Each structure stands twice: as C-alpha cells, then as structure tokens.
Amino acid sequence: MVRRTQRKELLSLLLAALFVSALVVRVIFIHHWGSSLTLGSDDVGYTESARRLVSDHVFSYWRPRLSLEPAFGPSAYMPPGYPLFLTLFIWLWGDNARALAVARYAQALLMVGALYFTYRAGRTVTGEWAGLGAAALLAFYPPLILISGLLLTETLFTFLLTAFFALWLEAPNDARKHALLGLLSGLAALVRPTGVLLLLAVAGYQMARLAVARGAERRSAGRSLLALFIAFCLVLSPWWVRNAVVFHRFIPLSASGGNPLLLGTYVNLEGIKYGWHPSWPVGRDPMATGELHTALAVKRLREGFRKEFWRYLDWYTRGKFRLLWGRAFLWGGEDKLPRGVTLPYHYVLVTAGGLGLLYGLGRCFPGSGRIFIVLVLFTLVHLVTYAHCRYALPLLPLLAVAAFLPFSRRVERTPAFFK
C-alpha cells in the first residue's frame with residue numbers, strides 16, 4: 001500500500017514537471033520569436049475576421065488572392081470558431097500586437113491541456129505510466145511547439161480533439177456523456193469542418209452497438225445516439241440560422257471546400273507555390289472564389305483520371321498518404337526548428353504509433369478500434385481533398401497513445417472495434 005502511494009506521488013510529480021516544462025518551452029519560444037510567427041496566409045484571414053467582428057460586428061473572411069479587392073462583407077467561407085477565439089483577445093486588449101501575443105500564450109496553455117488529455121487517453125487505454133509516456137512523447141515534438149505560436153486552427157482543434165477522444169474512451173453507454181461528446185464535436189466542427197468526423201466516428205460506433213445490443217443496452221445506446229446528435233445540432237444551430245438568414249441557403253460547415261479539393265488535383269503539387277496556382281480563377285469575394293475552385297477541381301479530376309488514370313490513382317492513394325504522414329510540419333519554422341532533430345523525431349513518433357496500433361488491433365486491446373476509426377476517417381478525407389502534414393498534427397496524440405499499446409495487459413475477447 002505504501003509503495004503504491006509512493007508510485008502515485010512520483011507519477012503526480014512527473015506529470016506536473018512535464019506540463020510545466022512543456023509550457024515553459026512554448027512560452028520561451030513564443031517570446032523569442034514574437035510577431036515573426038506568421039505565414040501571411042490563413043492566419044491573415046483569421047485575424048482579419050476577428051478584427052472585423054470586433055469593429056463592425058460582421059463575420060467576414062478575406063485574405064490575399066481570394067478576391068480581386070478586399071472583401072469584408074458577410075462570409076461563410078470559413079467556420080467561425082477560430083476567429084471567435086481571436087476576437088476574445090482583440091476585444092479585451094485592443095486591435096494591436098499585444099492582443100495577438102496574448103492569444104499565442106493562450107494557445108501554449110491549450111497545448112498543455114491537450115497533453116493532459118493525451119495522458120488521460122493513454123491512462124484509460126494502457127495505464128497511468130503509459131499515459132505519461134504518451135504525453136511526454138508529444139511535449140517536446142518541435143512542430144507542436146511551433147504551432148502554438150502560429151495563429152492557425154491547429155492548436156485549438158488539437159485541444160478539442162484530445163478532450164473529445166479522452167472522454168470517448170472513458171464514456172460508458174450514457175446519454176449525458178454522449179451529449180458532452182456532441183458538444184465537443186460541434187465546437188471542433190466550428191473550428192475546422194473536419195471536426196464533423198468526430199461526430200461520425202461516435203455515431204457509427206453507436207450504430208454498430210445498436211445492431212448487436214438487446215434489451216436495456218439497446219435502449220441505452222439509442223438514447224446516447226440521440227443525445228449526441230441533439231447536442232451537436234444545438235452547437236451548430238446559430239451558425240446554420242445565421243447562414244440561412246444572410247445567404248438564404250443551408251451552409252452546414254463552410255463554403256471553402258473547393259480550395260482543398262482543387263489543391264488536391266495537382267499531382268505532387270506541381271505548380272503550387274504557397275498553396276496557390278497562378279492560373280486559378282478569382283471571384284468577387286472568397287465565397288464566389290470557392291465556387292469557381294469547386295468547378296475547376298471537378299473538371300481537373302475528370303480530365304486527370306481519364307488521361308492519366310494510374311498516375312492520378314497513385315497520387316490519390318500513396319502520394320497523398322506520404323504527404324500527410326511522411327513529413328514533419330516546418331511551415332513558417334524552417335529557421336526556427338532544429339531540422340536535424342525534428343525529422344527523426346517525427347519518424348519515430350509515426351512509426352511507433354503505427355506499429356503500436358497494428359499490435360493493439362491484433363490483440364484486441366480496448367481503445368485501439370476507436371483510435372483506428374478516427375485516424376482512418378481523417379486520412380480518407382485528406383486523400384480525397386488535400387493532404388498536408390499540417391493536417392496530421394491534431395491526430396498525433398492518438399498515435400502517441402497507440403505507441404504504448406504494446407505495454408497494455410488489458411486484453412479482451414471482444415473485437416477491438418467495440419471496446
């Protein structure tokens with residue numbers, strides 16, 4: 001009993017030291033590089049949206065190349081979650097560099113929160129010490145330090161995804177817990193449209209349980225599924241109503257789907273520079289540009305698969321998979337991150353996570369099926385649209401947890417997809 005207490009005390013001390021160290025590293029990084037942590041791309045659109053919302057109470061989205069002239073009218077080109085996050089700091093500290101600096105420091109705290117939820121997920125799947133190992137594996141991964149200082153959706157989305165996943169692993173077949181999952185997946189979808197995949201993962205999982213359950217367990221699964229959808233719809237409903245009133249049509253998530261779809265049609269990203277091609281059409285505003293991009297993407301897909309079927313098939317499978325998982329995110333941090341450390345670190349993390357997941361699935365370890373479902377859904381979406389290592393960052397906590405599955409002793413006879 002005494003030894004168990006001592007181990008718990010040691011674990012608590014190590015966790016505290018890990019979280020404090022991770023926070024300090026990020027704060028120092030942000031303080032040192034300051035306002036140079038910018039890309040001049042998506043981050044411009046998010047900050048402009050937040051400023052416009054504070055000054056004129058209009059949710060808009062504009063960044064260079066998306067329209068011929070600055071377009072600051074109402075927009076649904078991007079979901080409002082991340083601009084609303086930035087709005088809080090601009091409203092409190094004013095439209096200045098200090099507000100954005102505070103937002104970056106807040107993101108450092110959010111990333112430490114994501115480490116905590118990674119620990120909880122690992123604790124549920126493989127035990128407390130493995131949870132500590134999973135969090136430690138991520139704490140000093142250079143791209144996750146860099147992304148804390150960039151004004152992009154990744155940090156907030158990673159926090160929501162890890163919170164969602166930790167709760168999903170812990171949640172029994174209970175309606176209240178699934179309502180919370182619906183809330184978190186709704187918030188994630190407001191930050192990035194792919195957040196809806198979290199809802200689909202849980203819904204599909206619950207439907208599979210409904211198919212095999214009987215009696216009281218079946219009724220409980222049905223109530224949980226209903227609570228999940230109701231909570232999700234409640235979170236998204238203000239956005240749906242606003243879009244219906246302003247644009248007179250149903251826009252469930254965003255109107256920007258044409259851009260990643262079009263980007264994905266360029267094999268090996270030939271001709272693409274900084275996420276753009278000089279031949280792309282530009283409309284009167286970002287939403288009109290998005291429609292033009294969708295039409296061009298469909299045209300290029302038809303022509304590409306008709307003329308160069310095997311080349312496009314390879315690109316939409318192996319090629320994009322390598323872009324998504326085979327590279328480390330260095331965008332904006334080429335001169336700020338130690339490349340000699342970052343790339344080997346990335347390969348160790350991804351390889352250990354992939355092998356651990358395969359081992360966990362083979363041994364039917366609890367949680368491995370849920371990790372697999374989420375990773376597959378996100379990977380498939382990015383294979384169809386645009387694959388970039390930036391989009392894999394929020395999924396790395398799941399791989400970190402999977403890396404420690406071989407240390408689990410919780411073997412179950414039930415197939416892993418239902419545990």
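Reader: Is Tyr386 buried or exposed, and what is its relative accessible area?
Author: In this predicted model, local features need pLDDT of at least 70 and side-chain atom pairs count only at pLDDT 80 or more, while totals for chains, interfaces and linings use all residues. Residues are numbered from 1 along each chain as its sequence is written, and side-chain values use heavy atoms, leaving out hydrogens and water. Buried means under 20% relative accessible area, exposed over 50% and partly exposed in between, with a 1.4 Å probe and protein chains only. Tyr386 is therefore buried, its relative accessible area being 10%.

Reader: How is the pair of Phe305 and Tyr312 classed?
Author: Rings of Phe, Tyr and Trp (its six-membered ring) pair if their centres lie within 6.5 Å, and planes under 30 degrees apart count as stacked, over 60 as edge-to-face and the rest as tilted. The structure holds 28 aromatic pairs. With centres 5.5 Å apart and planes at 55°, the pair of Phe305 and Tyr312 is tilted.

Reader: Which class describes the pair of Tyr386 and Tyr391?
Author: The ring centres of Tyr386 and Tyr391 are 5.9 Å apart. Their planes stand at 80°, and the pair is edge-to-face.

Reader: How are α9 and α10 oriented to each other?
Author: Helices are DSSP runs (H or I, at least four residues), numbered from the N terminus. Axes are lines fitted to C-alpha atoms over the stretch in contact, and angles run from 0 to 180 degrees between N-to-C directions; under 35 degrees counts as roughly parallel, over 145 as roughly antiparallel, 65 to 115 as roughly perpendicular and the rest as oblique. Helix α9 (residues 196-212) and helix α10 (residues 215-247) pack at about 165°, with axes 9 Å apart. The two helices, α9 and α10, are therefore roughly antiparallel.
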